[in-house]
Amino acid sequence: SGRIISQRIPPFIQTDDMQAIGSKFPELYGPLRTIWGKIFRRDFFEQYYNFAWLKPQWMHNGMDTFTVLGYLEKCTTFVSIDKPLYQYRMRQDSLFFATKVDPTRIKAGEVLYQRGLHCIEQLSIASEENKNYLQSVYWGHMADLLRLLPKASQMSQEDKLHFIETILQQEHLAQLFAAEQNFAVMAQAINDVLQTIISEDSYSSSY
């Protein structure tokens, strides 16, 4: 329909002091999550290619974020433009609307969280605000995966229940449950999914 659903626009930055991006890191993170919309010096791109692209072999989702954070960590000069120069069209039949949620996306969330922590530590911008922001991204990633489950028509009810179980077994996620607001968000997401899954007697009696 041509309607703008959301925008990822970074703040304007032009610096050769990477610590200067510290207070703006939360605003930058969204636009940093895609490999498109970036321009690299060729020598820089090739010099750190192996570091930036050497992801776990099983990882199929989140590759852009993993790669860009790797390059960001090695930057000594950085520029971002506060204008939307790229449009991404959402279609109902696109891969974005998944009919099956890959369980590796659970592990990918943890990998991206650790990658982000390593990046801000190497850039000396590991403030509590930035650490907390990366935690919120990790938490939101898990909640989003849960929200996708009801529409995952190619997954059996048993697969969906196992998916929820796997999420709740994540050690770092369990630590975040200590925050009351986090618990409320995750509990609501789980409850919404379960209402679509355990309607059959066989599942409601088992779980």
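This is a predicted model: local features need pLDDT of at least 70, side-chain atom pairs count only at pLDDT 80 or more; totals for chains, interfaces and linings use all residues.
Reader: What does the secondary structure of the protein chain come to?

Author: There are 10 helices and two strands. Read from the N terminus, the elements run β-α-α-α-α-β-α-α-α-α-α-α.

Reader: What percentage of the residues of the protein chain count as buried?

Author: The figure is 36% of the 207 residues. Another number concerns contacts between residues at least 6 apart in sequence: 73% of these join residues at least 24 apart.

Reader: How should I read a nonpolar core, and which residues have the most contacts inside the largest one?

Author: In soluble globular proteins, nonpolar side chains tend to be buried together. Here the largest nonpolar core has 45 residues, and Ile21, Leu72 and Leu146 have the most contacts inside it. Helices that each supply at least two residues of this core include α1 (25-32), α4 (63-74), α5 (104-122) and α6 (128-148). With eight residues, α6 gives the most.

Reader: Which residues is Leu146 in contact with, leaving aside its neighbours within four places in sequence?

Author: Leu146 meets Ile164, Ile167, Met186, Ala189, Ile190 and Val193.

Reader: How do I read a pair of helices, and at what angle do the axes of α5 and α6 cross?

Author: Take the angle between the N-to-C directions of the two axes; over 145 degrees counts as roughly antiparallel. The axes of α5 and α6 come within 10 Å and cross at roughly 165°, so these helices are roughly antiparallel to each other. Their crossing is right-handed.

Reader: Which residues make the contact of α5 and α6?

Author: From α5 come Arg105, Ile106, Gly109, Glu110, Tyr113, Gly116, Leu117 and Ile120. From α6 come Asn130, Lys131, Leu134, Gln135, Tyr138, His141, Met142, Leu145 and Leu148. By type, the contact residues are nine nonpolar, five polar and three charged.

Reader: Where is the place of Ile125, and is Ile125 buried or exposed?

Author: Ile125 sits in the loop between α5 and α6. A residue counts as buried under 20% relative accessible area. Ile125 has 5% relative accessibility, and therefore counts as buried.

Reader: Which residues does Ile125 touch, not counting those up to four places away in sequence?

Author: Ile125 touches Met18, Gln19, Ile21, Gly22, Phe25, Ile120 and Asn130. One of these, Ile21, was named above for its contacts inside the largest nonpolar core. As for distance, the C-alpha atoms of Ile125 and Lys24 are separated by 10.0 Å, while the two residues are 101 residues apart along the chain.

Note on methods:
Residues are numbered from 1 along each chain as its sequence is written. Side-chain values use heavy atoms; hydrogens and water are left out. A nonpolar core is a set of buried Ala, Val, Leu, Ile, Met, Phe, Trp, Tyr and Cys residues joined through side-chain atoms within 4.5 Å. Buried means under 20% relative accessible area, exposed over 50%, partly exposed in between (1.4 Å probe, protein chains only). Helices (H or I, at least four residues) and strands (E, at least two) are DSSP runs, numbered from the N terminus. Contact means heavy atoms within 4.5 Å. Axes are lines fitted to C-alpha atoms, for helices over the stretch in contact, and angles run from 0 to 180 degrees between N-to-C directions. Angles under 35 degrees count as roughly parallel, over 145 as roughly antiparallel, 65 to 115 as roughly perpendicular and the rest as oblique. A crossing is left-handed if the near helix is turned anticlockwise from the far one by less than a right angle, and right-handed if clockwise. Ala, Val, Leu, Ile, Met, Phe, Trp, Tyr, Cys and Pro count as nonpolar, Asp, Glu, Lys and Arg as charged, and the others, Gly among them, as polar.
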